[in-house]
Amino acid sequence: MEAKVDLYNSSYGNYALSAYSEIRFETYGEDYGQTSWVTTAESNEIPKLLQLSSSSTVLEIGCGSGGYAVHLAKHIGCQVLGLDINADGVRNAKALAEKDKLGVRVKFEQCDVSQRLPLEDNAFDAIYSNDVLCHVPRRGQILSDLRRVLKPGGRLLFSDALIVGGLLSNEEIATRSSIGMYFFSPPGENERLIKQSGLNLIEARDTTDSAALLSKRWHDAREKRKAALVATEGEANFAGVQRFLECVHTLTAEKRLLRFLYIAVK
Ligand SMILES: C[S@@+](CC[C@H](N)C(=O)[O-])C[C@H]1O[C@@H](n2cnc3c(N)ncnc32)[C@H](O)[C@@H]1O
C-alpha cells in the first residue's frame with residue numbers, strides 16, 4: 001500500500017537537521033535516530049535480553065537510519081549487520097558508521113526483508129527488530145527465515161505495536177495505517193507464529209505504555225517546531241504525521257492497540 005503520509009523518508013532524509021535531532025532528544029532522551037516506540041530504557045535493556053558480548057554477531061531487521069546499530073557496535077563492540085528497505089535510512093546509517101570509523105564492525109545494506117534473506121544459515125548469535133515486522137507481509141516465513149540465520153541457542157527479539165486490543169473504527173485504522181503498509185494482528189498470533197517457526201518463546205512483554213508515552217512526546221516536540229518542519233515536509237504532510245501520532249497515542253492510551261516485545265531462542 002502506498003503511504004498517504006510520509007514519515008520515514010522525511011525522518012531519514014532530514015536526519016541531520018537540528019529540528020529533527022532535537023525532536024528525537026525530546027521524545028526519547030537519547031538520539032539513536034529512532035522512528036519507533038522503543039524507550040531509552042528498552043534500548044538499554046536489549047543487549048542484556050539478547051545476551052550480547054563483544055564477540056557477538058548481530059543482525060538488525062529494519063535498522064532505519066542506523067543510530068542504534070552504531071551505538072551497539074561502539075559500546076558493546078559486537079559485529080552488526082543492519083538491513084532496511086529505505087534508501088535514505090541506509091545511506092544515513094552508512095555515513096554514521098563511517099563517521100565513527102566503525103566500517104569494519106557495522107555494515108548496512110538496503111534489503112526488502114519480506115524476501116528470503118541473502119544470508120547464510122546459522123550466521124548470527126542474535127537478531128533484533130524494533131517495530132518493523134508489522135510492516136512486512138508473510139510474517140510466518142520471515143520468522144522461519146530468521147530462525148534459519150540464527151545460530152543454535154541464538155536469540156531473537158522483536159516488537160509489534162499493531163496488536164488489536166479493542167474496538168477500532170475504519171477511520172482509526174486508516175489514520176494508523178496512513179504512513180504505509182501494516183498488518184494488524186490478534187493477541188496470541190505472534191506467539192503462534194514464533195512456535196510454528198521452530199523458535200522457543202522466552203518472554204512476551206506488554207510495552208503498550210511506551211507507545212502511548214512516546215507518541216505524545218513525539219507529537220508535542222514536533223508541534224513546537226512546526227515552522228521548521230512545515231518548511232521541509234510541507235503543511236499537508238506535517239498535519240498528516242501529527243494526526244498519525246495523535247491516533248497512536250489515543251489507541252495505545254486506551255489499550256485498543258497494544259505493543260508487545262517478544263524474546264525467543266533457537
Ligand atoms: C517503525 S520504523 C523502525 C526503525 C528502527 N528499527 C527504529 O527503531 O527506529 C520501521 C522501519 O521498517 C522499515 N521497513 C518497512 N518495511 C520493510 C521491509 N519490507 N524490509 C526492510 N525494512 C522495512 C522502514 O523503512 C523503517 O525504517
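The largest nonpolar core holds 28 residues, and those with the most contacts inside it are Leu-59, Ile-61, Leu-83, Leu-117, Ile-127 and Leu-146. Elements giving two or more residues to this core are strand 1 (57-61), strand 2 (79-84), strand 4, helix 6, strand 5 (150-164), helix 8 (189-196) and strand 7. A core here is a set of buried Ala, Val, Leu, Ile, Met, Phe, Trp, Tyr and Cys residues joined through side-chain atoms within 4.5 Å; buried is under 20% relative accessible area, exposed over 50%, and partly exposed in between (1.4 Å probe, protein chains only). Helices (H or I, at least four residues) and strands (E, at least two) are DSSP runs, numbered from the N terminus.

All of this comes from a predicted model, with local features needing pLDDT of at least 70 and side-chain atom pairs counting only at pLDDT 80 or more, while totals for chains, interfaces and linings use all residues. Residues are numbered from 1 along each chain as its sequence is written, and side-chain values use heavy atoms, with hydrogens and water left out.

Helix 6 is mostly covered, with eight of its 11 residues buried. Besides Ile-142, Leu-143, Leu-146 and Val-149, the buried set takes in Arg-139, Gly-140, Asp-145 and Arg-148. The cover over these buried residues includes strand 1, strand 4, strand 5 and helix 8.

Salt bridges (a side-chain nitrogen of Lys or Arg within 4 Å of a carboxyl oxygen of Asp or Glu) number 21 in the structure. In one of them, Lys-151 pairs with Asp-125, the closest N and O atoms being 3.3 Å apart. Lys-151 lies in strand 5 and Asp-125 in strand 4, so this pair ties together parts that are 26 residues apart in sequence. Arg-192 and Glu-189 form another, at 2.9 Å between the closest N and O atoms; being three residues apart in helix 8, they are separated by about one helical turn. Glu-22, Glu-26, Lys-224 and Arg-225 are linked in a network of salt bridges. Lys-266, in the segment after strand 7 (257-265), goes without: this lysine is buried yet has no salt bridge, and the nearest side chain of opposite charge, Asp-121, is 7.4 Å away (Lys and Arg count as positive, Asp and Glu as negative; His and the chain ends are not counted).

As for aromatics, seven pairs turn up in a search of the whole structure. Rings of Phe, Tyr and Trp (its six-membered ring) pair if their centres lie within 6.5 Å, with planes under 30 degrees apart called stacked, over 60 edge-to-face and the rest tilted. Tyr-8 and Tyr-12 make a stacked pair, 5.9 Å centre to centre with 15° between the planes, and both are buried. Ring pairs also link Tyr-28, Trp-37 and Trp-218 into a cluster.

Key
Contact means heavy atoms within 4.5 Å.
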